[in-house]
Every structure is written in C-alpha cells, then in structure tokens.
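Please look at the sequence and the structure shown below, and then read on for a description of a pocket and of a pair of helices.

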Amino acid sequence: EEQKRLLENRPDQPQNPKVLRIAIIGAPNAGKSTLSNQLLGRKVFPVSKKVHTTRCKARGVITHEDTQLIILDTPGLTNPLKAKRHNLEESMLTDPWDSMKHADLVLVLVDVSDHWTRNSLSKEVLKCLSQFPHIPSVLVLNKVDILKKKFLLLEIATDLTEGIVNGKKLEVKSALKQDSSSSVKSPLHITRASPLESKVPGSPFGQEKNQAREGFGVDKSSDTGGAGTGESQRPKHHEPKDLRDVKGWPHFQEIFMLAALRGEEVDTLKRYLVMQAKPGPWEFHSNVLTNQSPQEICDNIIREKVLEYLPLEVPYGVTQVTEIWEEGECGELLIMQSLLVPRESHKRMLIGRGGKVISRIAREAGQDLMNTFLCDVHLKLKVEVKG
C-alpha cells in the first residue's frame, strides 16, 4: 500500500531538479541486472547465470540530492529465433527498443570474461545503437575481475570502439601496475588521444591521471548531446545491411571498467551518471526505489532461484501463482506461492530428493526478500502440475 501510494502521488521536487534516464543494453547475461542492483544499493532486479532472467522492462530509481537517475533495466537484446527457443514473450523483443526511445543515455554492457563474444558488439546491440544515434552512449566493460590477462582489455576496448572514443583516436599502451590493490583498475595507460582531424594540445587524456583508471576518452567540455567534437562527427543512422562487417561502435563518449558482482568501480560510474543529469522534473518520489510492485519483486526473486537450480529449458515453463500475501501480527510478511509445471518429471526435479531443491529455493528467496523489503519474510512454496 505504501509503494502504491508513493507511485500514485506526485513526486516531491527539489528547487532545481535534475534527471537522467539510463537504458542499460547488452547481450543476455552480460550483467545488466547485477549492475542495476549495485547502482541502486538493494536487490530489485532478478539475477541468474541463465539467460533471459529479466523478462520485462522495469525501472530502478536512484535519488541523490537534487538529481534523480532512472535506470531502465531491460531484457537482453535477442532475436526472434532465440526468443522462440526459450519460449519468451513478444515483449522481450520490443522492450529494449522501447527503453531506448525514452533514454537520455545508453550504457552498453559487455562481458569481457566471455572470449567468444567480447571482441565485437552483438548485431542486436549495433542495430539498437544505429537506430538511435542521437542518444549519447557509454561502453561498460564488466566482469573485469574474472579476466586473468588484463592486457587483453586494450585489444577489447579498441575493437569495441573501433579505436575512437568521444570523437578522438584512442592511443593507449599497456602499463600493468604491480601494486594495484583492486583487481578492476584498468591496466591501460593513455599516452595520447588526438582528435580525428588535427592534434590538439592540452587534451584531457594527458591532464587527468585518473583517466586510465576511471575510463577512457571523455572530453569534459564536449556537449553530451552528441558523441564527437563537431557536427560532422555525429553518428549517422545506419541501415542493418551496413552493419554486416561492423564489430564496434566509434561513437562512445566514455569507457568504464568494473566488476558489477563485487561492486568494484560501480561508484565511479554512478558519479559520472549523476554529472550527466540535465535540468528536468523528477518522475518518482524520492523514497521510491523501483516502479515494480512488491509482488512483482517477489515473483522475480523466486523465479531467479528456479532458473538457477533447474536444468536447461525446464524453468522457462514454470508458472507462478501467489496464494497468500499478508502481513503478520509482528509486521512480518507471509507469502505462499504455487509453482505450476507442465510435466510430472519437472515436478520431481523442482522438489528434488527429499525436498532439498524446493527447500533451498524457498530459503534463499526468503533471505533475498528480507534484504529487499527490510522485514521478516516467511515464504512457503508448493509445486503442482498444470491443469
């Protein structure tokens, strides 16, 4: 009821409010929801090693002083063939595109630990960027802590940006720091970055020593409304056929390297996002963390655990029905949910030998719900065959 009231009422507004709507896009399982949760400071979005854990677009809200950041956590960009394979709703194909339409800034997340995909942006991501070339974009290299050979970040960054960041040529050399206390801090030292046409002395690359650690290539004086230093360098709209042999996007304004799961360097990105906010009215009350209802958060967290502990395609066929949702005498939350599966064999898998699997799911989901709602949660799950 409190969440409903906060969402329905007009948001409280500071004297000079600022706002930034951020779309986080990337391949399925790149870590978009994990990054969103770390930025928010609470678990609001479901996270799993399985692809397509996020099934709908939801908003996360960060309110910092006079600034509101609205995170549009979207399903991983996929294609109709993969959507059919995972029995995904049609909204999974359209939601990321809808989020882009409302975004002021795009974060493109790439999992650098995946050696199959890390050296090129997916065709779906490239298509998305090329359809909205007027929206500023930032490249975020995630899971840097897992990458053993840190010098590969140079090659990955160059491939994904085509060697150009913020309209300037990226010129970097490896400079691994032996005494680095963080596993994430970039091993790249930027020696020089020149504009595409002519070299300009006093480039911010040389002036800011922290640039190599916090990201590459942001010209702080440039207008965030366009990637590049002049009208002629603004990204042009590409047709899909033009993207056939394209690996990277040469219009990113900045590169960040982080480990979202461990929260390393996430604050650096958060500070950057706050700085990019523009004057404008807030959309949500300052006490709102997400536009989701508590029931939706609950469904997502239980679903995350089901995805985690069931093999292959099985969990994608589970339907959730909430039977009981009520507050106890001491303020605790009592929840009972039925998990409906299509086959008896799936029921046996979900329950597990001696009820171990379903007990583990209920225990872990209950703990996550307590951390999210900041109250005691008593969660009971039962499994039934559909129909």
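## Sorting the residues

In this report Ala, Val, Leu, Ile, Met, Phe, Trp, Tyr, Cys and Pro count as nonpolar, Asp, Glu, Lys and Arg count as charged, and the others, Gly among them, count as polar. The model described here is a predicted one.

## The largest pocket

The largest pocket holds about 770 Å³ of space. It is lined by 25 residues, and those closest to its centre are Glu1, Glu2, Gln3, Pro294 and Phe373. Two or more lining residues come from each of helix H1 (2–8), helix H10 (294–309), strand S11 (319–327) and helix H12 (356–373), and H1 gives the largest share, which is four residues. Sorted by kind, the lining consists of ten nonpolar, eight polar and seven charged residues.

Two packed helices are described by the angle between their axes and the distance between the axes. For helix H2 (residues 32–40) and helix H9 (residues 266–276), the axes come within 10 Å and cross at roughly 75 degrees. Angles of 65 to 115 degrees count as roughly perpendicular, and H2 and H9 are therefore roughly perpendicular to each other.

On the side of H2, the contact is made by Leu35, Gln38 and Leu39, while H9 brings Val266, Leu269, Lys270 and Leu273. The residues of this contact between H2 and H9 divide into five nonpolar, one polar and one charged.

Terms used
Residues numbered from 1 in each chain as written. Predicted model: local features only at pLDDT ≥ 70, side-chain atom pairs only at ≥ 80, totals over all residues. Heavy atoms only, no water. 1 Å grid on protein atoms, 1.4 Å probe; cavity = no way out; pocket = protein on both sides within 12 Å on 5 of 7 lines; lining within 4 Å. Points joined across faces, edges and corners; volume = space filled by probe spheres on them. Axes fitted to C-alpha atoms, helices over the stretch in contact; angles between N-to-C directions. Parallel < 35°, antiparallel > 145°, perpendicular 65-115°, else oblique. Contact = heavy atoms within 4.5 Å.
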